[in-house]
Amino acid sequence: MAKNEHDQTADSTRALAKKVDAIGWGLFFIWIGIAFLADVGWGAGIVGVGVITLGSQAVRNYLRLPIERFWLAMGIVFTIWGAWELLHIQVGEVPIHGGLLPILFIGLGIVIIVSAVLRKSR
């Protein structure tokens with residue numbers, strides 16, 4: 001009987017995770033539509049995507065669902081990138097070609113590789 005209860009709990013957890021993901025994607029597409037219609041600009045649009053991504057991970061944490069590290073990292077990247085664009089930040093005298101995005105993606109790639117190498121096998 002305990003195994004059956006465990007299966008039901010796992011099924012309900014998966015269903016809840018799918019629901020949270022679906023709501024997050026729905027908010028993403030609604031925001032993209034609003035951002036284009038209102039012409040808020042790239043900075044505000046990207047910050048919005050970052051906030052939605054981070055918000056979905058916060059909801060997962062609140063509901064005691066596992067946080068998806070990739071999407072947490074992407075939410076941070078999008079939020080920083082959008083803020084960078086909004087504030088028109090430059091490094092030194094010459095702006096970085098392509099903005100902060102290339103540097104953030106390189107850093108994110110390094111973090112992903114290092115965490116994969118250091119992760120213990122299960």
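So, the largest nonpolar core: it has 8 residues, I46, V49, M74, V77, F78, W81, L104 and L108. By nonpolar core I mean a set of buried Ala, Val, Leu, Ile, Met, Phe, Trp, Tyr and Cys residues joined through side-chain atoms within 4.5 Å. Buried is under 20% relative accessible area, exposed is over 50%, and partly exposed is in between, with a 1.4 Å probe and protein chains only. Helices α2, α3 and α4 (101-118) each supply at least two residues of this core, and α3 gives the most, with 4 residues. Helices here are DSSP runs of H or I, at least four residues, numbered from the N terminus.

Before I go on, the ground rules. This is a predicted model, where local features need pLDDT of at least 70, side-chain atom pairs count only at pLDDT 80 or more, and totals for chains, interfaces and linings use all residues. Residues are numbered from 1 along each chain as its sequence is written, and side-chain values use heavy atoms, with hydrogens and water left out.

Okay, who does I46 touch? Skipping its neighbours within four places in sequence, I46 is in contact (heavy atoms within 4.5 Å) with F78, W81 and G82.

Now α3 itself, residues 69-87. Its 19 residues should span 27 Å at 1.5 Å a residue, and the end C-alpha atoms are 27 Å apart, so that agrees. The expected span is 1.5 Å times one less than the number of residues. Buried in α3 we've got M74, G75, V77, F78, W81, G82 and W84. Just past the helix, H88 takes a positive phi of about 55°.

The buried list for α2 is G43, G45, I46, G48, V49, G50, I52, T53, S56, Q57 and R60.

Last bit, the loops. Which loop holds D39? D39 sits between α1 (2-38) and α2. Its phi is positive, about 50°, although D39 is not a glycine, and D39 counts as exposed because its relative accessibility is 64%. Then there's R64, in the loop between α2 and α3. R64 isn't glycine either, and its phi is positive, near 60°. Buried or exposed, R64? Exposed, because its relative accessibility is 76%.
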